[in-house]
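The report begins with a single residue and then widens its view.

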Amino acid sequence: MIHSLFLINSSGDIFLEKHWKSVVSRSVCDYFFEAQERATEAENVPPVIPTPHHYLLSVYRHKIFFVAVIQTEVPPLFVIEFLHRVVDTFQDYFGVCSEPVIKDNVVVVYEVLEEMLDNGFPLATESNILKELIKPPTILRTVVNTITGSTNVGDQLPTGQLSVVPWRRTGVKYTNNEAYFDVVEEIDAIIDKSGSTITAEIQGVIDACVKLTGMPDLTLSFMNPRLLDDVSFHPCVRFKRWESERILSFIPPDGNFRLLSYHVSAQNLVAIPVYVKHNISFRDSSSLGRFEITVGPKQTMGKTIEGVIVTSQMPKGVLNMSLSPSQGTHTFDPVTKMLSWDVGKINPQKLPSLKGTVSLQAGASRPDENPTINLQFKIQQLAISGLKVNRLDMYGEKYKPFKGIKYMTKAGKFQVRT
Amino acid sequence: MSSNSFAYNEQSGGGEATELGQEATSTISPSGAFGLFSSDLKKNEDLKQMLESNKDSAKLDAMKRIVGMIAKGKNASELFPAVVKNVASKNIEIKKLVYVYLVRYAEEQQDLALLSISTFQRALKDPNQLIRASALRVLSSIRVPIIVPIMMLAIKEAAADLSPYVRKNAAHAIQKLYSLDPEQKEMLIEVIEKLLKDKSILVAGSVVMAFEEVCPDRIDLIHKNYRKLCNLLVDVEEWGQVVIIHMLTRYARTQFVSPWREDDGLEDNEKSFYDSDDEQKEKTDKRKKPYTMDPDHRLLIRNTKPLLQSRNAAVVMAVAQLYWHISPKSEAGIISKSLVRLLRSNREVQYIVLQNIATMSIQRKGMFEPYLKSFYVRSTDPTMIKTLKLEILTNLANEANISTLLREFQTYVKSQDKQFAAATIQTIGRCAANISEVTDTCLSGLVCLLSNRDEIVVAESVVVIKKLLQMQPAQHGEIIKHMAKLLDSITVPVARASILWLIGENCERVPKIAPDVLRKMAKSFTSEDDLVKLQILNLGAKLYLTNSKQTKLLTQYILNLGKYDQNYDIRDRTRFIRQLIVPNEKSGALSKYAKKIFLAQKPAPLLESPFKDRDHFQLGTLSHTLNAKAAGYLELSNWPEVAPDPSVRNVEVIDLAKEWTPAGKAKNENPTKKFYSESEEEEDSSDSSSDSGSESGSESGEEDEEGDSSEDSSEDSSSEPESESGRQSDTENRRVAKRNSKTKGKGDSKDEKKENEKSKTSDSSNAESSSVEESSSDSESESESESESESRKVTKEKEKKTKQDRNRLATDVSLLDLDDCEYWDASVLVPCLVVNPVSTPVALPTPALSPSLIADLEGLNLSTSSSVISVSTPVFVPMKTHVLLHRMSGKGLAAHYSFPRQPCIFGDKMVSVQITLNNTTDKKIENIHIREKKLPIGMQMHVFNPIESLEPEGSITVSMGIDFCDSTQTASFQLCTKDDCFSVNIQPPVGELLLPVAMSEKDFKKEQGMLTGMNETSATIIAAPQNFPPSVILQKVINVANAGVVPSGQDNIHRFAAKTVHSGSLMLVTVELKEGSTAQLIINTEKTVIGSVLLRELKPVLSQG
């Protein structure tokens, strides 16, 4: 399946290569560089590039291209999904996934990659199994290793590998037993010029941080499970139980994991918590344009909107902008033409606004489209879909765990057309 | 480096060795190969020293640096000798890093690499499974052809390893060995076949991967494992799921008939024609056969559904393509929701998913229509995503939603991403062409765009308008005039060319403008693009033909310009046109038709989706993404018109029920499974139960044979059951013989005392004597009718009452002989004589056939006939062996059990169970005994004496007795060795809870008369004609239930009598053949529960052919 892996940084250097079968010359990446050149932007590099003898499948994350070399037919998503899993694992191991970090930990990276694939077929991708095979580097462990001469490499097959619950290792012990669940919902929306909603959807996830001793068996039930239109589970969730009772029943992995992602159908009316008033105009005659936006709350169920950031990609003809915000800070990058306004909290009594003028390049014609405004925001303690967790119970262990549930709503891909 | 190695890469994949050499040089920096080489040497020198030091820490540091070099792509091959020495290091991290190094460089340094092999061979025997597994991994990754035999051996051994993790690695190793040496294919297929039977969820994905790589065409290997794979699927790790689903999709397309309803009338006719051919299916509706889905087909569809909820996009996509390709069209709808969910994922995932949706949305619009808004484009999407979304929106456009879509498109046209805007214009054109209601709206919208300030937008609009106008050659003179004006401003060649072509085509509609355009163009001819020049020439020619008065000179001027153009295409075209349109003496007939040639009605272009032609690729594959066949792509076959024999997937019920399963869940499913396959047998009459029964017997005993017989069974040849049972009886005899020799030792001492025993010792000759008697009496009439011999046989059997195993053996053989009656004539005697002495060599030194013995037997007969209920000897049936403990789960100890159907020696309420223990390990197994009986209330068990030790490869048979209390409850207990305990259980088939009873017809009727009403259960069955011969009925009933045959006066009524072991209640079975092919099955007993269970088991047996 996966023949080789090349890691390429944004300046086009191959800084790591790993082969699982016979060695493929790194010159195969030239085809990739060609495609990269043609695409101009990193985002537009096609994920699948055919070459005369190989196929290059790549993902782009953290400013690094992970390029897998394939020789024969394979479901492309298989490779892509796996590459993403590799990135996730690196992130899990080192905290961040960046070129210097990978270079510093090249031995661990190599050992991890060696365990993740055998002959190009995934062998161990569960992070808890990997971590038992190859321990993540920590300062403490490095010190201990130098003194005692012990290694980072486990010499026993992780118990999870053979059990029916491969995601959980045995013998977990905590002094404080706690289970936290974060219900995070994101609103994807497109708002048109007049302020009416073109499309709006809610995508939610439940992220969990479970630190419980032994083999706890948890059940989580909702007040209104009918809201969930489409769900996808962590493998630990018992599907049959969900089908019949709409209850999440599972033996959790140890630590952080994503229990569930869900989708609230577009049929339900989605409450849009903010509105944007905008007045952006360019005139044919003068090289100056007017720019004014105001952000205000709407249907927030009494909660404050925080962390508001407004970004907008201005047309190419824009030379500079002179703006003054009523609150927060703003920047305009004349090279990328990106306007960014960090608003912060919205105070309903005094709505934040950004006003000023736009200067266009001399002689350039008026842009025929106004820029789209992208919005980010957060609302704490609110799940905008109205989803509520009813109760969380634990079976199988005797102690009383500390439980907590947090709700949050965020903007996902939230766009306002002007 | 880039240009150099780029050129090189053209020949990459040719030879690995050259590639490596090339790579080594390419890593050398431009400072000059020589200088760097020496400095490298120096650096490596200290690494060598470190590797040779005694300290692990120094070695580890050195190895870490070396791995760093490998990661950067630097050449570290010259350190090979120093590194390979450390392969046996105690430090596991050093060891692992050495492994990494070895795998990377072994191919270059084959001779040195051989030094490390012995280390791996040792490690393959390590008690730690992780070490065994990683040794196998490295050994199989070393691409040195010399060690192929060693690898083969290692793989074979690992495939039988007790640890599923090691077996998983063995499956991976198969692929590696195959790519190293394809010659090994046949041997590897054997290993694959074996691993496919593995029940571990860990192994399933990897072995299917190996199957796909090595022998994807051997679909026959899947049959027996199909249901298991379907059931395991949910628990398999996600990567394995993807591979298995793709393989099963292919499998389903070859094994099941299409669930898609054909609208074509012809197809229907054809179908009904086939229908009448296969008679087993319902033929109620002659005109149209209602489609019934194969239960296995349904199983696959049902079991993959939960995986749509997987967090892994590849799994979701795999299920989606499975539904798309094999489920009924009405059910495929459920995948759209999940696919739309994936659109929230990373851009790469989005890209692939959108491509697949695009292909789907062409064929089945309805599936994605509800999700129209999910495909709306955001300004932040990368261009490739935008274009794909646009593609899908176009495919989904219809009369109902077009107005919303057009409004949306308007926004897109204004996008700053001009490439995307241009694509939108194309899209609008396609919508206009496909939906006639909006054509005019779209056209006017496009015309508006002609005044856009962006050139690309205008150019694209021109091109699209041109196509639209061509499709409806109507009265769009105004638009053409407008476009003619654009020629002054627009510079994009395609657009200019399009306008010129449009004017040329419609030159008669705009007679005033056209010549003027030509005049302008003549002026700028030399500076135009080639594309435009060609169109100018065309325009000139067309005008010359329609309006030569005004344009003759202009055209000639242009033709002259073209004659000396730099581009040969244009020169060619000029010459061609001149010859055609300018009349001269040489131009013959063609110039007359010049007008027709130039101004012919041109077919309108079809505005089609670029995804139109992708649908012949399987969705979700690389080939589909590339729209080109990738190496190793396996074509999805068309549905077969007639489904291949579905019974090939039947797995023996006992196998399923008793064999070791990893998860508790699977265990629970087994009982239903059992029903399932039974009911299926009812439906498809192809495989007779006797067939599968006898097969299962031999199969569970000798695993190796399973493959062969499974292949054979598909043919369902008539000779097969015979040969099978023949083989079966052989093994049976051997077993029995062994037992006999054992009991004989005991028996001899006792037996000698009693005179009476003489008849017993010789009773194995009993049957012979009877059959001899028969055949001697009837020897004149050559072909003895079956039924006759049958009834005689039965009467004979009644005589032998408390005779035990030897007796049984004898009956066995003779009954078997009866089966083969067609082949037998007078010579029937001879084989009888031959077989018996062989099978019981000790018990019967001389076949005693003295008339006195026969007389004795007759006497016996007389004396016993008076008693109404007396236990008779069981009629022989091939003994079914069930797995008690699989050798995988028993750490090498295998146990099988069977019901020998003899009265139990431990207690008269017990059923005797015979257990055969095998030691498949290479060590002695000591102290085998039974512990912790967990029996339902009332049940009792007499265990066998502990076995002190069992030699490797040794086997021992022991008997025990279980009182099941006349119920089919399981007896659970633990089978223990010195070191381990294994929980096992025995569930008796209802037919084994009986003891045969001999009684006369009269007694039978009397007893039956007392057991009516509630105590009677009956059923009418439709029996296949081949079931009518009495011997067949007898055999079938006896196969299921341990009953005695009651001699019957009528040909069409067969009676069987038995009593339950525990309570001794009578169990009377009557089979009455009726007119037509129906038969009445009646069971009379006080134990109604057992009676009804027995009825249920008998029904399918009798009704099938």
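This is a predicted model: local features need pLDDT of at least 70, side-chain atom pairs count only at pLDDT 80 or more; totals for chains, interfaces and linings use all residues.

Although B:Phe525 and B:Leu561 are 36 residues apart along the chain, their C-alpha atoms are separated by 7.8 Å. B:Leu561 counts as partly exposed because its relative accessible area is 22%, whereas buried means under 20%.

**Chain B as a whole**

Chain B contains 47 helices and 16 strands. Of its 1105 residues, 56% are buried. When contacts in chain B between residues at least 6 apart in sequence are considered, 68% of them join residues at least 24 apart.

**The nonpolar cores**

In soluble globular proteins, nonpolar side chains tend to be buried together. Here the largest nonpolar core holds 263 residues. The members that touch the most other members include A:Leu16, A:Phe66, B:Ile66 and B:Phe375. Helix H18 of chain B, residues 313-326, supplies the largest share of this core, with 12 residues. Another core lies apart from the largest one; it has 73 residues, including A:Val165, A:Ala189, A:Ile272 and A:Leu382.

**The interface between the chains**

The size of an interface is often given as the accessible area lost when the parts come together. For chain B and chain A, the buried area is about 9200 Å², and carbon and sulfur atoms account for 55% of it.

| Item | Value |
|---|---|
| Residues from chain B in the contact | 103 residues |
| Residues from chain A in the contact | 103 residues |
| Area buried between chain B and chain A | about 9200 Å² |
| Salt bridges between chain B and chain A | 12 salt bridges |
| Polar contacts between chain B and chain A (both residues at pLDDT 80 or more) | 39 residue pairs |

On the side of chain B that touches chain A, 38 residues are nonpolar, 35 are polar and 30 are charged. One of the salt bridges joins the side chains of B:Arg311 and A:Glu126, with an N to O distance of 3.2 Å.

Note on methods. Residues are numbered from 1 along each chain as its sequence is written. Chains are lettered from A and ligands numbered from 1 in the order in which they are written. Side-chain values use heavy atoms; hydrogens and water are left out. Contact means heavy atoms within 4.5 Å. Buried area is the accessible area (1.4 Å probe) that two parts lose on being put together, summed over both. A salt bridge is a side-chain nitrogen of Lys or Arg within 4 Å of a carboxyl oxygen of Asp or Glu. A polar contact is a pair of N or O atoms within 3.5 Å; within protein, one must be able to donate a hydrogen and the other to accept it, and residues adjacent in sequence count only if both atoms are side-chain atoms. Ala, Val, Leu, Ile, Met, Phe, Trp, Tyr, Cys and Pro count as nonpolar, Asp, Glu, Lys and Arg as charged, and the others, Gly among them, as polar. Buried means under 20% relative accessible area, exposed over 50%, partly exposed in between (1.4 Å probe, protein chains only). A nonpolar core is a set of buried Ala, Val, Leu, Ile, Met, Phe, Trp, Tyr and Cys residues joined through side-chain atoms within 4.5 Å. Helices (H or I, at least four residues) and strands (E, at least two) are DSSP runs, numbered from the N terminus.
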